[in-house]
Amino acid sequence: MKKETYLGVNVSALPEQAMLEVIKSRVQSGEQSTVIAVNPEKFIASQSNETLKRLINHSTFQIPDGIGVILASRLKGGTIRSRITGVDFMQKLLKLATIEGYNVFFYGAKEEVVSKAVKSAEDTYPGIQIVGYENGYYNDEDALIKRINELKSDMLFVAMGSPKQELWIERNMSRLNVKVFQGVGGSFDVLAGHVKRAPVFYQKLGLEWLYRLMKEPKRWKRQLALPKFLLKIIFNK
Ligand code: UDP
């Protein structure tokens, strides 16, 4: 599958629709797929965290989340031009699940958040089969795996923050009959309406980071990843 590599970290270079088609055909042939969103913060963390780098590079799809990845691709002659956030890709997968009749399971976030996220997805995608959910503080792993399998879940969203959610997926995927896994971080909080996305105006201009900075000034340290990442891209041959 088409990839671009920056600082040793892979990013999928397929348009969103093409990725969804590949996922659909992999489900048909019984192959498992994993989806992870990559952003400058993860590129930087991967430089000193081999586990994170492995989790990213071993995923089937690394979606380009954030303006940083697009800028890197432009600077290095790549072809990635549209950002795909984790929460947007999740919505596309929910739509695919509705059309194809895949069973969906949500795991992660606080009880009130995940239950609201399920309701909101059911309102947005009439007919969707969300067969079950569990909050992210439940940790009887064996019982949960059994339940997810018994419910014949095809698609599993895990929202426990990164890399906890990816480690969980890596550890358990071989004993799950699930076909599509996505680690979605704070996306259940967004679906539940507990965390607001930036207005479309900011999203279109690639300035979601600015909006989030204004709302949560404490984030500035995390956001240093963007300039750090771009400097590394420019100066690393
Ligand atoms: N969370 C969880 N179990 C844990 C730790 C965190 O379910 O043991 C949830 C938390 O309630 C929140 C989400 O994981 O809903 C954290 O998302 P965050 O925004 O930190 O993730 P990021 O998108 O930054 O990776």
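**Domains and salt bridges**

Modeller: Between the two domains, 22 residues of domain 1 are in contact with 21 residues of domain 2, contact meaning heavy atoms within 4.5 Å. Bear in mind that this is a predicted model: local features need pLDDT of at least 70, side-chain atom pairs count only at pLDDT 80 or more, and totals for chains, interfaces and linings use all residues. Residues are numbered from 1 along each chain as its sequence is written, and side-chain values use heavy atoms, with hydrogens and water left out.

Colleague: Where are the domain bounds?

Modeller: Domain 1 is 1-84 + 199-237, and domain 2 is 86-195. Those bounds come from an automatic or database domain assignment. The C-alpha centres of the two domains lie 21 Å apart.

Colleague: And how much area do domain 1 and domain 2 bury between them?

Modeller: About 2000 Å², with 65% of it on carbon and sulfur atoms. Buried area here is the accessible area (1.4 Å probe) that two parts lose on being put together, summed over both.

Colleague: Which residues in domain 1 lose the most area to domain 2?

Modeller: Gln32, Val35 and Leu55, which together make up 27% of what that side buries.

Colleague: How many polar contacts and salt bridges are there between domain 1 and domain 2?

Modeller: There are 9 residue pairs in polar contact, both at pLDDT 80 or more. A polar contact is a pair of N or O atoms within 3.5 Å; within protein, one must be able to donate a hydrogen and the other to accept it, and residues adjacent in sequence count only if both atoms are side-chain atoms. The salt bridge count between the domains is 3, a salt bridge being a side-chain nitrogen of Lys or Arg within 4 Å of a carboxyl oxygen of Asp or Glu.

Colleague: How many salt bridges does that rule give for the whole count?

Modeller: It comes to 12 salt bridges. Lysine 24 with glutamate 100 is a salt bridge too, the closest N and O atoms being 3.6 Å apart.

Colleague: What about glutamate 208, which arginine does it pair with?

Modeller: Glutamate 208 forms a salt bridge with arginine 83, with closest N and O atoms 3.2 Å apart. That pair links distant parts of the chain: glutamate 208 is in helix H11 (residues 208-215) and arginine 83 is in the loop between helix H4 (67-75) and helix H5 (86-100), 125 residues apart. Helices (H or I, at least four residues) and strands (E, at least two) are DSSP runs, numbered from the N terminus. Glutamate 208 also forms a salt bridge with arginine 197, where the closest N and O atoms are 2.8 Å apart. Arginine 197 lies in the loop between helix H9 (187-191) and helix H10 (200-204), so this pair with glutamate 208 of H11 ties together parts that are 11 residues apart in sequence.

Colleague: Which residues are linked in that network of salt bridges?

Modeller: Arg83, Asp88, Arg197 and Glu208.

Colleague: Is glutamate 208 buried or exposed?

Modeller: Glutamate 208 counts as buried, at 10% relative accessibility. Buried means under 20% relative accessible area, exposed over 50%, and partly exposed in between (1.4 Å probe, protein chains only). Arginine 83 is partly exposed at 24%, and arginine 197 is partly exposed with 24%.

Colleague: New topic: where does threonine 60 lie?

Modeller: Threonine 60 is in the loop between H3 and strand S4 (61-64). Threonine 60 is buried, with a relative accessible area of 14%.

Colleague: What does the side chain of threonine 60 reach?

Modeller: The backbone nitrogen of threonine 34, at 2.9 Å. Not counting residues up to four places away in sequence, threonine 60 touches several others, including Met1, Arg26 and Gln32.
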